[in-house]
Amino acid sequence: MADDADDAYEEPLFQRVIEYAAAADRDIVRMVSGHPDWDPPAALREGLRAYADGDPETFQYPPREGLPALRGEIADRRGVEESQVIVTNGAAEANYLGMAEALDRDSGAEVLVTDPVYPYYPGRTTMLGGETTRVSVGDNGHVDVDAMRAAASGDTAAIVLNTPNNPTGAVYSLEAVAELADVAADVDALLVVDEVYDHFDFSGRFESAVTLDRDNVVVTTSFSKALGITGFRVGYAVFPADLVEAALTRHTLVNIAASRPAQAAVLAALEETPPAYYESVRDTIRGRIDDFTAALDAAGAAYTTPEGAFYVLVRFEGFPGTLANVQRLIDDTGVAAMPGAAFGETYDGWIRFSLCTDRVDEAADRLAAYFDGR
Ligand SMILES: Cc1ncc(COP(=O)(O)O)c(C=O)c1O
């Protein structure tokens, strides 16, 4: 199905739910957005402090492609050439660069995405003058490769994927992503793979698309979720060698560069943070998934158990995931979440709960009591 321009800018819906919850005259458990509530690693704060005391020389424009040491650290970790890495303002800008590049190649105007989908992809496609086609996911929220293949055509400029996935929690197999790289190549399109939740894999199966090393695949991610710093705005894209220069030009014309203090703090965090930090955050989320879903079992609700990322989709019988119902939940239970309809049609009967709060037990109890009494 093709989107019309009117429903493509979904941010107001996120904003509307957040504002509605903020205006509520009661205590609210906030499960709308993916803003980590956990601490960043200690080295991040230390890096930021050290930066603040530095020479004013270091307060000036950084190299447009990113601080050399950060770029080098990223390239080493990812096994790619440093020249392929552009440090961006979050995965948001990295995705923008990949999608803009795809639509700029005179190879079509269509962007293929899954349904449900992170709403900024269709919004950005419209902004860039392209058209979105949504393809329903298959079992357990996984991308349906055959349906994507059937939908791809000469007009397809890009296929945009997100794994681990927001909102379904699916972790796609590398084989599926590789097949989609082939599908994209067959119609001269780019595959953009957004891996912003790469540190939140509970399945043990996640493998980054950078390992495919294809000349039509752009991989994006950021430190927003991994280090609990969505406000820092540091991410990156790994481009195929032939595409990096055009993307760098666009990045320079839009931003000049990504923020230097934030890059310095991220570099310090990468250098000093042991794997135990990431593991402990994953443990926290695993615990929240278990607690929240156990209480949902007790409430008799259907739900998705995420293989990755930190969202749970829940279906309450006779209570579809509309904005009105989400507002009703805020008023009647004091639990704020996102309508499934914000992500498309496939899960529009569902409601998405973000696990970025330590009050998931309380939220589930409130929901159970509410639906029990209906
Ligand atoms: C799928 C997806 N991509 C990108 C982003 C934005 O990431 P960043 O903060 O790195 O721009 C989000 C944020 O929630 C997301 O869910």
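This report walks through the domains, sheets and core of the structure above.

**Domains**

The model is predicted. The protein is divided into two domains. Domain 1 covers 5-39 + 276-372, and domain 2 covers 43-272. Their centres, taken over C-alpha atoms, are 25 Å apart. Domain 1 brings 30 residues to the contact, and domain 2 brings 31 residues. On the side of domain 1 that touches domain 2, the elements giving two or more residues are helix H10 (275-299) and strand S10 (311-315). H10 gives the most, with four residues. By class, that side of domain 1 has 15 nonpolar residues, seven polar ones and eight charged ones.

S9 and S10 are joined in the antiparallel sense over two bridges. Within S10, arginine 315 stands opposite alanine 302.

**The seven-stranded sheet**

A second open sheet has seven strands. Read across, the order is S2-S8-S7-S6-S5-S3-S4, with mixed pairing. The edges are strand S2 (85-88) and strand S4 (131-136), and each pairs on one side only. On average, neighbouring strands of this sheet are turned by 20° against each other, direction ignored. Helix H8 (residues 244-255) packs on this sheet and touches S2 and strand S8 (235-238). The direction of H8 makes about 20° with that of S2.

Strands of a sheet pair through backbone hydrogen bonds, either parallel or antiparallel.

| Strand pair | Sense | Bridges |
|---|---|---|
| S3 (residues 110-115) and S4 | parallel | six |
| S6 (residues 190-194) and S7 | parallel | four |
| S7 and S8 | antiparallel | four |

Valine 111 has threonine 132 in S4 as its bridge partner. Valine 192 is bridged to valine 218 in S7. Serine 222 stands opposite glycine 235 in S8.

**Strand S7**

Is strand S7 (residues 217-222) mostly covered or mostly open? S7 is mostly covered, with six of its six residues buried. In a regular strand the side chains alternate between the two faces of the sheet. In S7, Val217, Val219 and Thr221 point one way. Val218, Thr220 and Ser222 point the other way. Residues of both sets are buried. Two of these residues also have named partners: Val218 is bridged to valine 192, and Ser222 stands opposite glycine 235.

**The nonpolar core**

The largest nonpolar core has 116 residues. Which of them touch the most other members? They are Ala158, Ile159 and Val266.

Alanine 158 shows the packing in detail. Not counting residues up to four places away in sequence, Ala158 touches Met99, Ala102, Leu103, Val111, Ala189, Leu190 and Val192. Two of these contacts lead back to the bridges: Val111 is paired with threonine 132 in S4, and Val192 with valine 218 in S7.

Technical notes: Residues numbered from 1 in each chain as written. Predicted model: local features only at pLDDT ≥ 70, side-chain atom pairs only at ≥ 80, totals over all residues. Domains from an automatic or database assignment. Contact = placed C-beta atoms within 7 Å. Nonpolar A, V, L, I, M, F, W, Y, C, P; charged D, E, K, R; others polar. Pairing = 2+ DSSP bridges. Axes fitted to C-alpha atoms, helices over the stretch in contact; angles between N-to-C directions. Core = buried A, V, L, I, M, F, W, Y, C linked by C-beta atoms within 7 Å. Buried ≥ 20, exposed ≤ 12 C-beta atoms within 10 Å, placed from the backbone.
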